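We will go stop by stop.

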Amino acid sequence: MSAAQERTVEDQPVIRIFDTTLRDGEQSPGASLNMAEKLEIARQLELLNVDIIEAGFPISSPDDFEAVRAIAGMIKNCTVAALARCTEKDIVRAAEAVKEAVKPRIHVFCATSAIHRQYKLKRAEEEIIKLSVEGVKLAKSFCDDVEFSPEDASRTELPFLTQVVEAVIEAGATTVNIPDTVGYSTPVHFTNIIRHLRENVRNINKAVISVHCHNDLGLAVANSLAAVEAGARQIECTINGLGERAGNASLEEVVMAIRTRADVYKCRTRVNTKRIYPTSRLVSTLTGIHVQRNKAIVGENAFAHESGIHQHGMLANRATYEIMNPEDVGIPASKLVLGKHSGRHALRDRLQQLGHDLDEERLDRVFEQFKILADRKKEVFDEDLETLVSHVVEEADSTRRWELVSLQTTAGTGVVPTATVRLRDLHGGQVVTDAATGDGPIDATFTCMLRITGIDAVLREYDLRAVTGGRDAQGEVHLELVSDGSTFRGRGRSTDIIEASAQAFLSAINRALIAKGKPKPITPENGH
Ligand code: KIV
Ligand code: ZN
């Protein structure tokens with residue numbers, strides 16, 4: 001890009017990127033994260049240079065409150081937002097959670113569509129306006145930066161939506177977010193809503209217009225971009241498009257579309273696109289939600305060229321079939337393989353290339369695990385390193401209750417499968433041993449673990465895949481347990497698939513134990 005072009009880009013209006021991976025994304029079924037994982041993702045989002053991190057919904061659970069508070073205390077360069085309904089207890093809790101942030105924001109919401117007014121809130125239009133205005137005013141008493149969302153805006157009658165938006169701006173909202181809560185809108189429909197608000201809300205210039213699109217019809221990114229063309233200046237999105245049901249608009253797609261088609265959108269984001277791929281990998285490893293192979297920007301096939309004609313064109317000139325450079329989104333230019341003779345320096349360099357800037361303590365821990373792994377398998381690939389990092393992040397969680405000390409199993413043709421499991425109680429210190437038989441060694445292991453930890457849970461999903469190719473590959477297990485009506489996710493990896501299964505099962509048990517005895521979380525959808 002020439003200097004002249006760069007200047008032009010700098011002059012373009014900025015679209016604020018509001019990342020809600022830790023709030024709406026974390027509401028994806030089975031995607032719940034522990035504190036250490038949330039902090040790690042927040043750190044990556046800051047490096048990615050998003051403008052706003054929505055860290056959680058503090059009233060929903062004590063864990064969420066603590067996570068928002070910790071993120072607010074840690075993040076220096078992004079605004080940290082907390083979600084609240086328009087009630088005093090929600091707003092006070094959100095304000096408390098973000099009060100230490102360098103740049104705090106309170107995000108209040110109230111549903112406005114006829115169907116929500118009638119069946120969920122059971123309130124008339126005037127009451128909704130009153131509730132919204134009072135919510136914004138209360139939030140404003142704690143924090144200058146207040147965002148308001150009329151939930152289900154895209155199904156709200158336009159004259160009423162116009163009235164609500166005008167009233168909340170008058171009350172002090174500095175951002176008005178227009179959610180397509182149920183993913184019902186289409187690009188033309190959504191453009192019309194944003195245009196209508198810009199033309200009919202008298203004080204619209206006093207607030208930033210934001211959009212928040214869900215992907216039920218696969219249109220979240222298209223709708224968000226259409227809104228930008230109509231004048232929206234903030235997009236709410238998530239890494240890998242995580243989120244309720246079919247998810248939210250995907251951050252990587254929105255950002256790269258704005259960058260690649262700057263000729264169309266005539267605006268820019270501040271996102272450091274080279275951090276997109278590492279962030280996507282981290283979120284996928286920590287949530288256990290895989291990115292589909294053909295996912296735009298970050299999928300395994302996004303930059304793969306299989307057909308001979310394409311390969312020929314690529315060799316002559318990459319631009320024949322590639323509209324973006326993989327390096328621009330942070331996909332490493334080459335695959336580097338480490339082995340048992342690789343040192344701490346080589347490991348640190350590679351981790352940095354993969355987007356992980358670990359402090360000395362965590363690097364030591366990853367190095368220790370790396371040495372163990374390198375003894376078990378000849379070649380350690382990038383994917384192996386990512387699993388090691390996620391393992392160390394999970395280990396850092398002080399609320400974890402049980403740790404696997406040892407595991408011994410027998411299985412084979414004509415023998416009864418058995419397992420002997422030893423677990424350490426990290427809170428009490430004692431080591432407990434149990435033995436059981438089962439349908440197979442994994443079943444026997446799970447029985448021991450349920451008995452030792454005393455938890456009543458049913459295994460709902462179990463997924464095993466090889467992290468890399470080769471016979472010595474690590475097996476990665478993702479599973480889901482259901483206990484007390486709630487779902488808990490666990491993951492584990494090892495070159496021994498029974499050990500990987502045991503780790504995954506124990507990590508889900510640990511999450512279930514943390515949740516036990518706590519009030520059922522409130523979500524924006526079940527909240528009123
Ligand atoms: O989808 C939605 O409407 C939301 C709001 C809370 C912004 O997530
Ligand atoms: Zn949402």
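Select Asn49, which counts as partly exposed because its relative accessibility is 31%. The cut-offs are under 20% relative accessible area for buried, over 50% for exposed, and in between for partly exposed, with a 1.4 Å probe and protein chains only. Before you move on, note that this is a predicted model: local features need pLDDT of at least 70, side-chain atom pairs count only at pLDDT 80 or more, and totals for chains, interfaces and linings use all residues. Residues are numbered from 1 along each chain as its sequence is written, chains are lettered from A and ligands numbered from 1 in the order in which they are written, and side-chain values use heavy atoms, with hydrogens and water left out.

Asn49 sits in the loop between helix 2 (35-48) and strand 2 (52-56). Helices (H or I, at least four residues) and strands (E, at least two) are DSSP runs, numbered from the N terminus. Check the backbone of Asn49: phi is positive, about 70 degrees, although Asn49 is not a glycine. Most residues other than glycine have a negative phi.

Next, select Asp152. Its phi is also positive, about 60 degrees, and Asp152 is not a glycine. Look for Asp152 in the loop between strand 5 and helix 7 (158-171). Is Asp152 buried or exposed? Asp152 counts as buried, because its relative accessibility is 0%.

**Stop two: ligand 1**

Select ligand 1 and show the residues near it (a heavy atom within 4 Å). Around ligand 1 you will find Arg23, Asp24, His107, Phe109, Ser149, Glu151, Asn177, Pro179, Thr181, His212 and His214. Strand 4 (104-111), strand 5 (146-151) and strand 6 (175-180) each supply at least two residues of this shell. By class, the shell has two nonpolar, six polar and three charged residues. Here Ala, Val, Leu, Ile, Met, Phe, Trp, Tyr, Cys and Pro count as nonpolar, Asp, Glu, Lys and Arg as charged, and the others, Gly among them, as polar.

Now check three distances, each from a polar side-chain atom to an oxygen atom of ligand 1. For Arg23 the distance is 2.9 Å. For His212 it is 3.1 Å. For His214 it is 3.0 Å. On its own, ligand 1 has 260 Å² of accessible area, and the protein covers 100% of it. Accessible areas come from the Shrake-Rupley method with a 1.4 Å probe; for residues, only the protein chains shown count as cover.

**Stop three: Val208**

Select Val208, in strand 7 (residues 208-213). Val208 is buried, with a relative accessible area of 17%.

**Stop four: an enclosed space**

How many cavities of 30 Å³ or more does the structure hold? There are three. On a 1 Å grid over the protein atoms alone, a cavity is a set of points where a 1.4 Å probe fits but cannot get out, and a pocket is an open set with protein on both sides within 12 Å along at least five of seven lines; lining residues have an atom within 4 Å of a point. Grid points are joined across faces, edges and corners, and a volume is the space filled by probe spheres set on the points.

Select Asn34, Glu394, Asp397, Arg400, Ser507, Asn510, Arg511 and Ile514, which line the second largest cavity. That cavity holds about 50 Å³ of space. Helix 18 (residues 497-515) gives the most to its lining, with four residues.

Conventions. Polar contact = N/O pair within 3.5 Å; in protein donor to acceptor, adjacent residues only side chain to side chain.
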